[in-house]
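Subject: Structure handover

Dear colleague,

Here is the structure we spoke about. My notes on the pockets, the cavity and a few helices follow below it.

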Amino acid sequence: MVTTGQLNSALSACGYGTVGSSVANVIVNQINNMTGSINEAAMFLAQLIHESGGFQHRREINGAALSYAPYYGRGYIQLTHDYNYRAASMALFGDERLINNPDMVSDSVEMSMRVSVWFWEARVRPEGGPSSNNFGLTTKAINGELEPPGSDLARRRYNLYVKVANALGVGNIAPY
């Protein structure tokens, strides 16, 4: 189980400020409901910290100007592209409300986390990273060819993971 204290310790270890108790509670509750594995929690948390700038951004910067707008990155995992919005919406609501209102993903901490958990469970976990203790597979599932193994951004993500894993007390930190 991840605690709010561990979350804020992880954020501090990664060079970010802490989050308030209401935000921390939502994040921690969603993580603890998603997994009982502290290592998977560390992987997930590291990816969210990277994508959201330490839980400071729920929208991709300059997203509305990007070629894939209006389905630019939103939520803590930065859900992107119409096919992901549609799949998340169908899984979470049984309809296309996120296609019709993509801003809904970033309107609240709760929704940003719900969509991030959905993406992890539907798109990241099936690629085997958490189950095989391979952090690189989680990065590949999130950003594919944009961050190949050994790239500066992939190394940055991994370094965040190591800091988060240490803050959470993970004993079997995934190798790079």
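Which element gives the largest share of the lining of the second largest pocket? That element is α7, with 5 residues. Please keep in mind throughout that this is a predicted model.

Second largest pocket

The volume of the second largest pocket is about 220 Å³. It is lined by 15 residues, and Gly136, Glu147, Pro148, Pro149 and Ala154 are the closest to its centre. Both α7 and α8 supply at least two residues of this lining. Sorted by class, the lining of the second largest pocket contains 7 nonpolar, 5 polar and 3 charged residues.

Largest pocket

The largest pocket holds about 440 Å³ of space. Its lining is made up of 21 residues; Glu51, Gln78, Thr80, Ile142 and Asn143 lie nearest the centre. Two or more lining residues come from each of α3, α4, α6 and α7 (135–143). Here too α7 gives the largest share, in this case 4 residues. The lining of the largest pocket divides into 8 nonpolar, 7 polar and 6 charged residues.

Cavity

The structure has 1 cavity of 30 Å³ or more, and the volume of the largest cavity is about 40 Å³. Its lining consists of Met1, Val2, Ile31, Asn32, Thr35, Gly36, Ser37, Ile38 and Ala41. By class, 5 residues of the cavity lining are nonpolar, 4 are polar and none is charged.

Helices α1 and α2

Helix α1 covers residues 4–13, and its buried residues are Gln6, Leu7, Asn8, Ala10 and Leu11. These buried residues pack against α2, α3 and α8 (152–168). After α1 comes Gly15, which has a positive phi, near 90 degrees.

In α2 the buried residues are Ala24, Val26, Ile27, Val28, Gln30, Ile31, Asn32 and Met34. Does the length of α2 agree or disagree with what its residue count predicts? The 14 residues of α2 should span 20 Å at 1.5 Å a residue, and its end C-alpha atoms are 20 Å apart, so the two values agree.

Tyr85

Tyr85 is in helix α4, which runs over residues 82–93. Is Tyr85 buried or exposed? Its relative accessible area is 0%, and a residue counts as buried under 20%, so Tyr85 is buried. Leaving aside neighbours within four places in sequence, Tyr85 is in contact with Tyr71, Tyr72, Gly73, Arg74, Leu79, Thr80, Leu98, Ile99, Pro102 and Val105. One of these contacts, Thr80, is also among the residues nearest the centre of the largest pocket. Between Tyr85 and Arg156 there are 71 residues in sequence, counted from one to the other, and in space their C-alpha atoms are 27 Å apart.

Best regards

Notes
Residues are numbered from 1 along each chain as its sequence is written. This is a predicted model: local features need pLDDT of at least 70, side-chain atom pairs count only at pLDDT 80 or more; totals for chains, interfaces and linings use all residues. Side-chain values use heavy atoms; hydrogens and water are left out. On a 1 Å grid over the protein atoms alone, a cavity is a set of points where a 1.4 Å probe fits but cannot get out, and a pocket is an open set with protein on both sides within 12 Å along at least five of seven lines; lining residues have an atom within 4 Å of a point. Grid points are joined across faces, edges and corners, and a volume is the space filled by probe spheres set on the points. Ala, Val, Leu, Ile, Met, Phe, Trp, Tyr, Cys and Pro count as nonpolar, Asp, Glu, Lys and Arg as charged, and the others, Gly among them, as polar. Buried means under 20% relative accessible area, exposed over 50%, partly exposed in between (1.4 Å probe, protein chains only). Contact means heavy atoms within 4.5 Å. The expected span of a helix is 1.5 Å times one less than its number of residues.
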